[in-house]
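Trainee: I have a model open and a few things to ask about it. Can we go through them one by one?

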Amino acid sequence: MKPLIPALGAALILTGLVYYLLPPMFLQAGGPAWFLLLAVNPLTCLFCGIVFGLLCGIKKSAILLPILAGAGFIPAMYLFYNDSALVYLAFYVITSVMGIGIGWILYLKK
């Protein structure tokens with residue numbers, strides 16, 4: 001239980017930074033929003049899931065990361081994108097679950 005809280009906190013801080021700091025800078029510079037929605041955000045969710053799975057394995061509380069990563073995107077969606085970006089919410093949750101699974105496999109091989 002000890003590595004769960006720091007790993008979850010670090011993952012949420014990283015996803016929060018990517019969800020809320022990159023879009024204003026990237027979109028103001030004229031970058032395409034699809035690049036953030038289809039490349040940067042899913043890679044961040046996957047990376048955080050892998051690290052979380054490596055540190056914690058799969059526990060009952062492992063579902064917290066995908067749920068919180070998805071819930072964290074909802075305000076960012078309304079701030080920086082439009083309602084059509086709601087489809088990506090499921091994509092980010094699934095990507096986080098895949099990352100936790102990959103991290104768990106690597107955790108078992110340690």
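This is a predicted model: local features need pLDDT of at least 70, side-chain atom pairs count only at pLDDT 80 or more; totals for chains, interfaces and linings use all residues.

Trainee: Is Thr44 buried or exposed?

Mentor: Thr44 sits in helix H3, residues 33-56 (helices are DSSP runs of H or I, at least four residues, numbered from the N terminus). Beyond its neighbours within four places in sequence, Thr44 is in contact with Leu14, Thr15 and Val18 (contact means heavy atoms within 4.5 Å). Buried means under 20% relative accessible area and exposed over 50%, with partly exposed in between (1.4 Å probe, protein chains only). Thr44 has 11% relative accessibility, so the residue counts as buried.

Trainee: How far apart in space are Phe52 and Leu4, C-alpha to C-alpha?

Mentor: Phe52 also lies in helix H3. At 1% relative accessibility, Phe52 counts as buried. Not counting residues up to four places away in sequence, Phe52 touches Leu4, Ala7, Leu8, Gly57, Ala62, Leu65 and Ile100. Phe52 and Leu4 are 48 residues apart in sequence, yet their C-alpha distance is 7.9 Å.

Trainee: What covers the buried residues of H4?

Mentor: Start with the buried set: Leu65, Pro66, Ala69, Gly70, Phe73, Ala76 and Met77. In an α-helix there are 3.6 residues a turn, so residues three or four places apart point the same way. The cover of the buried H4 residues includes helix H1 (4-20), H3 and helix H5 (87-108).

Trainee: How far apart are the end C-alpha atoms of helix H4?

Mentor: Helix H4 covers residues 64-80, which is 17 residues. The expected span is 1.5 Å times one less than the number of residues. That gives 24 Å, and the end C-alpha atoms agree, at 24 Å.

Trainee: What radius of gyration does the protein have?

Mentor: The protein has five helices and zero strands. The radius is taken over C-alpha atoms, and the globule rule is 2.2 Å times the number of residues to the power 0.38. For 110 residues a compact globule would come out near 13 Å, so the protein agrees, with 14 Å.

Definitions and conventions:
Residues are numbered from 1 along each chain as its sequence is written. Side-chain values use heavy atoms; hydrogens and water are left out. Helices (H or I, at least four residues) and strands (E, at least two) are DSSP runs, numbered from the N terminus.
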